[in-house]
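Please look over the sequence and the model below. A short report follows.

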Amino acid sequence: PPGCALAPLAALFPSVGGGGGGSTIPADWRVWNESGFGSYSILQQTPYGLVTSTACAGSSTGLLDLASGQVTPLGDGLSRAVISADETLMAAVKRGYDVAANQPTAALALVDLATREVRELPTAKLPDQLAWGLPGTGDLFYSVIETGPEMALTDDQWRAFNDAIGIIEPQLRLNERMISIRRYNLNTGEDIEVYSGAGYAIGRMAFVEDGGRLLFSTIPNLTEWVNAILDGTIDPFSANWEVAEQKQLDLVTVSVHALELATGAVELVGVDYNQMKPLIGARG
């Protein structure tokens, strides 16, 4: 704007680009919007340098020295990074694929920012999204996605559904999902479930110190979307694409909840609240 000076350039550093495929499933669109294609990009100053994502969609992380512009990788392919309140530790998820078992893998990793030492921590479930707990407790929260039973449709209904969304071969058959949140204590290794429910995914989590509450956003399962396609309420290939897209998104609306950690009580904060983030220093 007129009268405003440009901010000085702090550093230039390379970043790995890339791209991926899309999805016919609107719940995936919601997840991507909530969590940056599943992995938040990070740009956060610490006493040891600027922690920054170094690849497309936050799939790897490095430590940037602002004086030299040099980026030191933090671990191997660590994503979904979150920094502890004292800015000494970084928690992240290391994702991979077990070819022999034909299934994805995910490990919780802890990085000492002073030494850049990486420790992988054994968790009861595969971690998805992360959030630090109350400073000084050693608590780290991670969300989990687990596949439940296949949606109860007949073969004819599945064929009609696939014809409607344009996938003929192979046939796409969808399952219900369960989501949960677990609390992992870095000091004791205790790993306990603090929330579970039906849902497609948890988009993001944030601990609210005053009140001991964990805010989290959820994306619902696809039952309403599938039924709307089968009964003709939604035509994914409507000539008016923007209207069709919004109708589909309206069936997988993001909801924000607050989990009272002392009691386990869960309160609905709001519906269609997207990309929530508590204000720094906010109380309650």
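L110 stands opposite R119 in β8. This is a predicted model, where local features need pLDDT of at least 70, side-chain atom pairs count only at pLDDT 80 or more, and totals for chains, interfaces and linings use all residues. Residues are numbered from 1 along each chain as its sequence is written, and side-chain values use heavy atoms, leaving out hydrogens and water.

Strands β7 (residues 103-112) and β8 pair in the antiparallel sense over 5 bridges. Two strands pair if DSSP finds at least two bridges between them. Helices (H or I, at least four residues) and strands (E, at least two) are DSSP runs, numbered from the N terminus.

Now the helices. Helix α2 (residues 155-165) packs with helix α3 (residues 223-230) at an angle of about 85°, and their axes lie 9 Å apart. Axes are lines fitted to C-alpha atoms, for helices over the stretch in contact, and angles run from 0 to 180 degrees between N-to-C directions. That angle makes α2 roughly perpendicular to α3 (65 to 115 degrees counts as roughly perpendicular).

The table lists who makes the contact (heavy atoms within 4.5 Å).

| Helix | Residues in the contact |
|---|---|
| α2 | Q157, A160, F161, A164, I165 |
| α3 | W225, V226, I229, L230 |

By class, this contact of α2 with α3 has 8 nonpolar, 1 polar and no charged residues. Ala, Val, Leu, Ile, Met, Phe, Trp, Tyr, Cys and Pro count as nonpolar, Asp, Glu, Lys and Arg as charged, and the others, Gly among them, as polar.

Which residues of α3 are buried? They are W225, V226, A228 and I229. Buried means under 20% relative accessible area (1.4 Å probe, protein chains only). Seen down the axis of α3, its buried residues fall within an arc of 160°, so they line one face of the helix. The arc is that of the directions from the helix axis to the C-beta atoms. The buried residues of α3 pack against α1 (26-35), α2 and α4 (241-249). Just after α3, G232 takes a positive phi of about 85°.

Last, the whole chain. The protein chain has 4 helices and 16 strands. Of its 284 residues, 42% count as buried.

Definitions and conventions:
Angles under 35 degrees count as roughly parallel, over 145 as roughly antiparallel, 65 to 115 as roughly perpendicular and the rest as oblique. Buried means under 20% relative accessible area, exposed over 50%, partly exposed in between (1.4 Å probe, protein chains only).
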